[in-house]
Amino acid sequence: MTAIAILLLAAGASSRMQGRDKLMEEVDGQPLLTLMCRRASLTGLPVFVTLPGPAHPRAAATGDAIQVPVPDAAEGMAASIRRGTAALPTGTEAVMILPADMPEVMAQDMLHLAAHFSGQGSPILRATAEDGTPGHPVLFPQRCFKALKTLSGDQGARSVLKAEAVQPVSLPGRHAVIDLDTPEDWDAWRRNR
């Protein structure tokens, strides 16, 4: 399974956080980005994390993850996916892409998704909430890498998902769909914990 890499997307601007950085918000006594990098590394899979740049404050919060600078991060999620995919080592058979602002996604969830990968013939695997709502992470086989490296704009990998067979993989509760983009999202999530 080591031919699967995890790519955490952490180069966004946190533009809806009113001056705060959502990835540096504290969860369980540590920045969310540190927690997510740690969970990803617990899978035993190689972990890559996109960042606005090596001097960004987030760079100190990535643990052992391999940092991928995204100088064109302002373009949107596509820039992170493009640069992150291009940074993967030769021989990587699939990439599991996960926005880093999803505090409910656990190491077990990543391993559960990875366990459904069946080699190059595998469909794209997309995590869903228990009720079937599509979410993250999404695991792309190597045949998708070329398309991932040519994405543009802030649509993420929607075009690739539309062009390929996608198999849903259910995760517990709402793990796959809870993302925290605003101070209100954070307040509500903390109240409900």
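Student: Which residues of the largest nonpolar core touch the most other members?

Tutor: They are L8, L33 and L139, in a core of 36 residues. A nonpolar core is a set of buried Ala, Val, Leu, Ile, Met, Phe, Trp, Tyr and Cys residues joined through side-chain atoms within 4.5 Å. Buried means under 20% relative accessible area, exposed over 50%, and partly exposed in between, with a 1.4 Å probe and protein chains only. Please note that the model is predicted: local features need pLDDT of at least 70, side-chain atom pairs count only at pLDDT 80 or more, and totals for chains, interfaces and linings use all residues. Residues are numbered from 1 along each chain as its sequence is written, and side-chain values use heavy atoms, with hydrogens and water left out.

Student: What does L139 touch?

Tutor: Not counting residues up to four places away in sequence, L139 touches I4, A94, V95, M96, L113, A114, F117, I124 and L125. Contact means heavy atoms within 4.5 Å. Another core, of 20 residues, lies apart from the largest one and has A78, V138, C144 and F145 among its members.

Student: A78 is in helix 2, then. Why is that helix called largely enclosed?

Tutor: Helix 2 is largely enclosed by the rest of the structure because 7 of its 10 residues are buried. Those residues are A78, A79, S80, I81, R82, G84 and T85. Their cover includes strand 1, strand 4, strand 5, strand 6 and helix 4 (145–148).

Student: Let us change topic. Where is T62, and is T62 buried or exposed?

Tutor: T62 lies in the loop between strand 4 (47–51) and strand 5 (66–69). T62 counts as buried because its relative accessibility is 1%. Leaving out residues up to four places away in sequence, T62 touches L33, C37, V49, L51 and Q67.

Student: What lies 3.2 Å from a polar atom of the T62 side chain?

Tutor: That is the backbone oxygen of A59. A polar contact is a pair of N or O atoms within 3.5 Å; within protein, one must be able to donate a hydrogen and the other to accept it, and residues adjacent in sequence count only if both atoms are side-chain atoms.

Student: And which backbone oxygen does the side chain of H175 reach?

Tutor: The side chain of H175 reaches the backbone oxygen of E104 at 3.1 Å. H175 is placed in the loop between strand 9 (166–170) and helix 6. Apart from neighbours within four places in sequence, H175 is in contact with M102, E104, V105, M106 and D109. H175 counts as buried because its relative accessibility is 15%.

Student: One last topic: what joins H136 and P137?

Tutor: A cis peptide bond joins them, with omega about 5°. P137 lies in strand 8. Most residues other than glycine have a negative phi, and most peptide bonds are trans.

Student: Which residue other than glycine has a positive phi?

Tutor: D28 has a positive phi, near 50°. D28 lies in the loop between strand 2 (26–27) and strand 3 (30–31).

Conventions
Helices (H or I, at least four residues) and strands (E, at least two) are DSSP runs, numbered from the N terminus.
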